[in-house]
Structure formats: structure tokens, C-alpha cells
Amino acid sequence: MNAAPMQAVRGMNDVLPAEAARWQFVEGVIREVAAGYGYREIRPPLVEKSALFCAAIGEATDIVEKEMYSFADRGGESLSLRPEATAGCMRAGIEHGLFHNRGARLWYAGPMFRRERPQKGRYRQFHQFGVEAVGWRGPDIDAEILLLGARFFRRLGIRGLRLEINTLGGAGGESRARYRAALVDYLQKNQADLDEDSRRRLHKNPLRVLDSKNPAMAGVIAGAPQITDCLNAADEEFFSALRGLLDAAAVAYTVNPRLVRGLDYYTGPVFEFVTDSESLGAQNAVCAGGRYDGLAETLGGRPAPAAGFACGLERIIALAAAEGGGGAAPDAYLIDVGEGDGGGASDALAIAETMRDAGLAIQCNRGGGAMKKQMKRAHRSGAAFAVILAADERAAGKVTVKPMHGGEQRTVGIKDAVQIIKSEKQWP
RNA sequence: GUGAGCGUAGCUCAGUCGGCAGAGCUCCGGAUUGUGAUUCCGGCGGUCGUGGGUUCGAUCCCCAUCGCUCACCCCA
């Protein structure tokens, strides 16, 4: 090794075979659960015009200001790797008339890119699963996506998740504006108690002061006015209707008046599924979303109400009850002794193909080796059976089937071997 | 962008107040010639992240640099 070895780009991870099985499992659950609610997959491109994200997410957000992977296309137009998928989904739906006089239930899953400093549970290329329900005023659709999310986590066997909900006030922004004024007023009066970050946010995005992780801020935050006190009648009714639907569906939640969202497009109810698990480090949100009734219009489409969420798949996989097995073990390992090292394997190849035709996964020994050696490899492969093909078997036109987890081995014809292995193979 | 910690074998890590570089696991071979989780023996594998400096001598001390990790900011 003379040249320095190539390395992956910082914050972009390889999914190695040992982990890939877990990803496949999660992806399978995504398809199953989404289909179960009548959501259909959409696959927007990974690259969009930068202007789309600026308009949708907000010019002044950190994502747009400093976290986007942007580059100039030939001809000079600025393009960006998508930092989230909602903007692309909405753009695609408007462009192709998916929302024209009708509702659309959409889901997506795939990589997103944000140039942040990596840390536990946060990477520069990460993956999200999300849903977008466009065209319903709610709150029944808000409840539906929360049910979908809750079922998704249940199906994955993830426990210890807490659902927190809040509202930012409806699309008109009346409640939000009133609350914002009250909050700014309060914070200015208590400016002496604010830390540096909070003072900066006071002007830039006052709602985010409520999000501060600084324990010293807890007192000021606790005394701050709450948005629930500033809601107009319509927003109040919407939020309480949503809570009623969740209660009726027996979905557990807590109202967190300090829950706010980072992206500009949110309006109305917002929510997060959070965990206290150590395995996410300083991160605690695995899924977050809400309502964004103004986004379609912002992107140049006809006005359309919308609600959705996004889940961080790396975070979900880190939480998912680790084992799903170390990865796909074959049903049987074919031991092939004699006939020279690897040279006389032609009958072994044919036998393996026959067994595969019968629906079994067969891993063949490669590279020769004594019986003992091959048996060792068979063990390591995780296969439930070893199928032995040596001089005796060849002479008899049979194979020996040996259960690796105990029991008698038997020398039988290939059809019987397939039957023996199939009868033991059981899937839930 | 800011701060802290860490870079020694494929993996997990010891180590020397500066004196020839270690262990476990993995891998390969063997313990009377057709049988795998144990046990025993042997072997492969490292310019101690990189580049300078101090020194008779640096993996160890100093400086720089690159990389990784964690945290802040922000967010899924």
C-alpha cells in the first residue's frame, strides 16, 4: 500500500452486508405499512434547483444558509442535493397534476444530504422515510398519518417512543402572529436572563428560544406565555378535534407547548416521536412532521392543504431491537470432497442448481479443502444443513444431509434431500 | 462554523517515566487419512495516521497536518 488508502467522504457511511439485512427489513415494513393506509410511493430526484429549497424551507434557515450541497450546473443554474424530500414531492405533485381537484397520499424513502458536522445519529448522507397527504383540510388526515407512524414503530418493535404534539396556529397565521408578539414581549422583558444563543434567536426566530437545551434557560422558558393561550377559535377547535381523534384511536400523546419546528413551512399542528434512549446520543427525535397548508401555493401551485412527516432511518435502525439475525444464512452448505481441489465440482454445481430450482438457498464450498475444513465453513455459514457430496455419495448417486443443530444425518436422493431441508425450514 | 477526546495487526485494545513492537478475536496449517461450536500446538499479518523537531536513540516528548469520535449550533 503506497498511496494513501481511499476513504469514504466524511459523514457518508457504507452499509456493509452485516447491516444490510436490517435495512431491508425496515424497508419492507415501510412498504407494508404505507400500503396498508393507501399511500403510494413517489420518487422525486435527489437533485433539484436550489431555488426550490430556498422557497420551501425558508431562506433564513440553517439548512438553506449553510447545510446544502449546492453546485452550479453548466449554464450557471444552482442545483442542490436534496436536504429533505417534502419540497420535491410537492413540486412533483404540482408539476404533474397529482393534486388537481383531488387528494394524494404519498410516501417516499431515500437518501438526504446535509453538510453538518457528523455526530451520533446525524450524518451528511442520511435516509428518511416520509409521507405527504395533500388535499385534506384535516384534522382527520393529521390523525391518520399519526396512526400510520405509530403502527410503523410498533411493527418494527420499537418501544419507549413518546409522541409529543403542539400547534403553531393555522394557515392564516393569526394565532401565530399574536403568540409571537406576546412571546417577544415576554422575552424582551426578561432579556437579562437570556443566554447568548437565545438573544440571537429572539430576533431571528423567537419561537426557537423555547427549544433551548441550556438548563439555565429552563426558568425563563417555564414562565413564557404558551401558544395554546393565544389560539383563535378556529385553531383551537382544530387542535382539540385532533386530540379527540387520537384519544378515540387510543394513541398516547402528550401536549408539549414548547414544541416548535425548524422549517418555515409548518402551520397548524406539529408533532415529534421522541426517545430517551442512549443509543441516539444527543439526538432524541426519530420522526417529526406537521401541517403545511401554504406550501403548495408558495411553490406556485394552486392552494392545497397538506400534512406529513419524516423519519430518520439511521436513527430508527439504531433503536430497532438490534437483531434480525446477522444476515441471510443459506438453507444448506454443500460440501464437496474429492475429485481434486475444486476441479471436479461439475456434479456439485448441477446438484446445487437443482436444489435452488426447488426454492432453496444453497452456498457451495469453494476452494476445495478436507472434509473437516469444509465442515467448519459449513458451520460458519450459519446454514441449518450440510449437504455432503463425497466418494460414497457419488458412487450411490445420493447426497448426505446433515442437520447442523443436532440429529441423525441421512444419505438420500436429491429430491428427498430437498424435502428434508424444506420440512425444517420454517418462516413466521 | 465552535469546543473536547482519540489515531498501535483485518477487529477490540495493551504497552514503554524514550532502549529490538504485544495480547485476545479473526484468518491459514496441524493434533493416525469422511464430520463443524470445546481444547492444544504452530503460522500469516504492523514504515505504532502523516510530516517535521528534540535526542546517541522517538510508537512514547514537542510542533504541524490529516482522519475519526463525541458535544455545541441546528436538525430526522
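A polar contact is a pair of N or O atoms within 3.5 Å. In this predicted model, a polar side-chain atom of arginine 122 lies 2.2 Å from a base nitrogen of RNA strand B. The protein has an open sheet of eight strands with mixed pairing, and an open sheet of three strands with antiparallel pairing. RNA strand B is surrounded by 44 residues.

**RNA strand B: surroundings**

- Arg114, Arg122, Arg201, Arg208 and Asp392 are the closest of the 44 residues around RNA strand B.
- Sugar and phosphate make up 50% of the RNA strand B atoms that come within 4 Å of the protein.
- The surface near RNA strand B comprises 22 charged, 13 nonpolar and nine polar residues.
- Helix α13 gives the largest share of this surface, with seven residues.

**RNA strand B: contacts with bases**

- Arginine 122 places a polar side-chain atom 2.2 Å from a base nitrogen of RNA strand B.
- For arginine 315, a polar side-chain atom lies 3.1 Å from a base oxygen of RNA strand B.
- Lysine 402 also has a polar side-chain atom 3.1 Å from a base oxygen of the RNA strand.
- Elements that give two or more residues to the surface near RNA strand B include the strands β6 (125-134), β10 (285-291) and β11 (306-312).
- Helices α3 (62-67), α7 (196-204), α13 (371-381) and α14 (391-396) also give two or more residues each to that surface.

**Eight-stranded sheet**

- The strand order is β1-β5-β6-β11-β10-β9-β7-β8.
- The edges are β1 (40-41) and β8 (254-255), each of which pairs on one side only.
- Helix α1 (residues 17-36) packs on this sheet and touches β5 and β6. The direction of α1 makes about 160° with that of β5.
- Helix α5 (residues 140-156) lies across β5, β6, β7 (161-167), β9 (267-275), β10 and β11. Relative to β11, α5 runs at about 20°.

**Strand β6 and its neighbours**

- Strand β6 is mostly covered, with nine of its ten residues buried.
- Strand β5 (residues 104-113) runs antiparallel to β6, and ten bridges join the two.
- Phenylalanine 113 stands opposite glutamine 125 of β6, and arginine 105 stands opposite alanine 133 of β6.
- Strands β6 and β11 pair in the antiparallel sense over seven bridges.
- Glutamine 128 has glycine 312 in β11 as its bridge partner.

**Three-stranded sheet**

- The strand order is β2-β4-β3.
- The edge strands, β2 (47-49) and β3 (70-72), each pair on one side only.
- Neighbouring strands of this sheet are turned by 35° against each other on average, direction ignored.
- Helix α2 (residues 50-57) packs on the sheet and touches β2, β3 and β4. The direction of α2 makes about 75° with that of β2.
- Strands β3 and β4 (residues 78-81) pair in the antiparallel sense over three bridges.
- Alanine 72 has serine 78 in β4 as its bridge partner.

**Glycine 300**

- Glycine 300 sits in the loop between α10 (295-298) and β11.
- Glycine 300 has a relative accessible area of 63%, so it counts as exposed, since the cut-off for exposed is over 50%.
- Glycine 300 and arginine 91 are 209 residues apart along the chain, yet their C-alpha atoms are separated by 8.8 Å.

Definitions and conventions
Residues are numbered from 1 along each chain as its sequence is written. Chains are lettered from A and ligands numbered from 1 in the order in which they are written. This is a predicted model: local features need pLDDT of at least 70, side-chain atom pairs count only at pLDDT 80 or more; totals for chains, interfaces and linings use all residues. Side-chain values use heavy atoms; hydrogens and water are left out. Two strands pair if DSSP finds at least two bridges between them. Helices (H or I, at least four residues) and strands (E, at least two) are DSSP runs, numbered from the N terminus. Axes are lines fitted to C-alpha atoms, for helices over the stretch in contact, and angles run from 0 to 180 degrees between N-to-C directions. Contact means heavy atoms within 4.5 Å. A residue is near a molecule or strand if one of its heavy atoms lies within 4 Å of it. A polar contact is a pair of N or O atoms within 3.5 Å; within protein, one must be able to donate a hydrogen and the other to accept it, and residues adjacent in sequence count only if both atoms are side-chain atoms. Ala, Val, Leu, Ile, Met, Phe, Trp, Tyr, Cys and Pro count as nonpolar, Asp, Glu, Lys and Arg as charged, and the others, Gly among them, as polar. Buried means under 20% relative accessible area, exposed over 50%, partly exposed in between (1.4 Å probe, protein chains only).
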